[in-house]
Amino acid sequence: MSEVKLSYTISGEDFTRAGEASGDVKSKLKVLGVSPEIVRKVSIALYEGEINMVIHAHGGTIDVVISEKDITMVLADKGPGIEDVDLAMQAGYSTASENVRALGFGAGMGLPNMKKYSDEMNIDTRLGEGTTVTMKVYLQ
Amino acid sequence: MTIADVQEILHGTCICGEDQKNREIHSACGSDMMSDVLAYVKDQAVLLTGLCNPQVIRTAEMIDAYCIVFIRGKKPTDEMIELAKERNITLLCTDHRMFNACGMLYSNGLRGGVPY
């Protein structure tokens, strides 16, 4: 399989559309014949990331590279940044509004879920400038 | 158990995806928090929820669930129905509340599956 690159711009305006990019990546991975277990890991990690971007950062960009050995996902936003990454990584810790909770998210599981379903995760964040989350899922 | 059985047990109505009603299901999960569903799910074909927005359909899509049961009389919007149709997800509605709906399915043999 040669390298496949996918790019998406995520709107921060419309919560109902959050997940479109992750859904598209999922269907493309299926077509490429990636195993269902890996497809699910990538989709869930990406979906949580996409939701986070919409909730916290007014949108951003998602770039996915599928190579022979792994799938790399880079989620970049120009949002407020994460003040305390260790705290944000704790299951149950959330800064999301009641409004977001009413929509079924904001339980403080976003980043923990992203870590859980990826094999590598790195968070590069600067207050007031934005956050870039890079996740990798191994194919071999 | 099939999707048709779930509908009958829960005295439910089918909103879309009638053609899938003979599909077998082996496990289910119930939650109004989609992040919890994403955190703990594995091979659960049915999602019971009182949450009613497009993210429920997308969450089901991500976990490969092919049936959603809306409890407490919640009714999906046209937009949600369209999303579900595109993804081959059957939508059922029941007036039962979460605890009872899960209990009724459980006592008929449906289980929650193993944690991820």
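This is a predicted model: local features need pLDDT of at least 70, side-chain atom pairs count only at pLDDT 80 or more; totals for chains, interfaces and linings use all residues.

Visitor: What makes S1(A) and strand S2 of chain A a pair?

Guide: Pairing asks for at least two bridges between the strands. Eight bridges join S1(A) to S2 (residues 59-66), and the two run antiparallel, so by that rule they count as a pair.

Visitor: And which helices pack on the sheet there, touching S1 of chain A?

Guide: Helix H1 (residues 20-31) of chain A touches S1 and S2 of chain A, with its direction at about 160° to that of S1(A). Helix H2 (residues 36-57) of chain A touches S1, S2, strand S3 (70-77) and strand S5 (130-138) of chain A, and its direction makes about 5° with that of S3(A).

Visitor: Why are strands S1 and S4 of chain A said to stand at the edges?

Guide: Look at the strand order in this open sheet of five: S1-S2-S3-S5-S4 (chain A), paired antiparallel. S1 (4-11) and S4 (120-126) each have a single partner strand, so one side of each has no neighbour in the sheet.

Visitor: What is the span of H2(A) set against?

Guide: From first C-alpha to last, H2(A) reaches 30 Å, close to the 32 Å expected at 1.5 Å a residue. Just after this helix, A:His58 takes a positive phi of about 55°.

Visitor: Which element gives the most to the side of chain B that touches chain A?

Guide: In this contact, 17 residues of chain B meet 18 residues of chain A. Helix H2 (34-40) and helix H3 (54-62) of chain B are the elements giving two or more residues to the chain B side, and H3(B) gives the most, with six. By class, that side has nine nonpolar, three polar and five charged residues.

Visitor: Where in chain A is confidence highest, and where lowest?

Guide: The highest mean is in S3(A), at 98, and the lowest is in helix H4 (residues 98-102) of chain A, at 86. Chain A has a mean pLDDT of 94, with 99% of its residues at 70 or more.

Conventions. Residues are numbered from 1 along each chain as its sequence is written. Chains are lettered from A and ligands numbered from 1 in the order in which they are written. Helices (H or I, at least four residues) and strands (E, at least two) are DSSP runs, numbered from the N terminus. Two residues are in contact if their C-beta atoms, placed from the backbone, lie within 7 Å. Axes are lines fitted to C-alpha atoms, for helices over the stretch in contact, and angles run from 0 to 180 degrees between N-to-C directions. Ala, Val, Leu, Ile, Met, Phe, Trp, Tyr, Cys and Pro count as nonpolar, Asp, Glu, Lys and Arg as charged, and the others, Gly among them, as polar. The expected span of a helix is 1.5 Å times one less than its number of residues. pLDDT is the predictor's confidence in each residue, from 0 to 100.
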